[in-house]
Amino acid sequence: MQTVTRSFAALLREYREAARVSQSRLAQLAGFDHSYVSRLEAGRRAPTREAVIRLAQALRLTPAERDQLLAAAGFLPQRAEHLFEHEPVLRDVVDVLQSADVPEGVREDFRQMLQLLVRQVRRVGFQGPMLTGELTSAN
């Protein structure tokens with residue numbers, strides 16, 4: 001899985017350059033061989049989840065940035081809502097579905113309404129990658 005706009009390689013390079021760290025220094029900080037970061041940024045090597053986490057720690061990324069990097073590398077983020085930082089309504093949906101302050105019956109009704117909306121979008125012909133499965137409970 002890659003982000004729609006940026007690959008892992010490009011995002012890693014962006015974060016590294018923003019931190020003003022060389023590839024060699026980043027490799028050293030994360031405990032990797034000096035050529036590893038170069039291969040990652042060139043797209044010639046796929047990282048492990050642990051490698052992404054170590055790189056994020058070495059770059060002192062925020063939790064949201066770390067999760068963006070994990071998602072760009074094809075891994076589930078530690079907190080899914082970080083993927084929605086540019087989509088406030090999706091962040092609100094996740095908050096409602098996960099909130100213990102919202103009664104379970106209300107959350108289930110909300111899930112059913114979302115499923116109806118997804119079915120309606122499918123009915124008009126859109127079959128994007130995020131609409132291939134049904135919404136499931138966040139229990």
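In the predicted model, Glu104 and Arg107 both belong to helix H7 (residues 104-123), where a spacing of three residues places them about one turn of the helix apart. Their side chains meet in a salt bridge, with an N to O distance of 3.0 Å. Glu104 is partly exposed at 33% relative accessibility, whereas Arg107, with a relative accessible area of 13%, is buried. A further pair in helix H7 is formed by Glu108 and Arg111, whose closest N and O atoms are 3.1 Å apart; these two residues are likewise three residues apart, or about one helical turn. Here Glu108 is partly exposed at 30%, and Arg111 is buried, with a relative accessible area of 3%.

In total, seven salt bridges are counted. One of them joins Glu41 to Arg13, with 3.6 Å between the closest N and O atoms; because Glu41 lies in helix H3 and Arg13 in helix H1, this pair ties together parts that are 28 residues apart in sequence. Glu41 is buried at 4% relative accessibility, while Arg13 is partly exposed at 30%. Both residues take part in a network of salt bridges that also links Arg16 and Glu17.

The largest nonpolar core comprises 24 residues, and those with the most contacts inside it are Phe8, Leu12, Leu26, Phe32, Leu55 and Leu69. Two or more residues are contributed by each of helices H1 (8-18), H2 (23-30), H3 (36-41), H4 (49-58) and H5 (63-72), with H4 giving the most, namely six. Beyond its neighbours within four places in sequence, Leu26 is in contact with Leu12, Arg16, Val21, Val37, Leu55, Ala58 and Leu59.

Terms used: Residues numbered from 1 in each chain as written. Predicted model: local features only at pLDDT ≥ 70, side-chain atom pairs only at ≥ 80, totals over all residues. Heavy atoms only, no water. Core = buried A, V, L, I, M, F, W, Y, C linked by side-chain atoms within 4.5 Å. Buried < 20%, exposed > 50% of the residue type's maximum accessible area, 1.4 Å probe, protein only. Helix = DSSP H or I, 4+ residues; strand = E, 2+ residues; numbered from the N terminus. Contact = heavy atoms within 4.5 Å. Salt bridge = Lys/Arg side-chain N within 4 Å of Asp/Glu carboxyl O.
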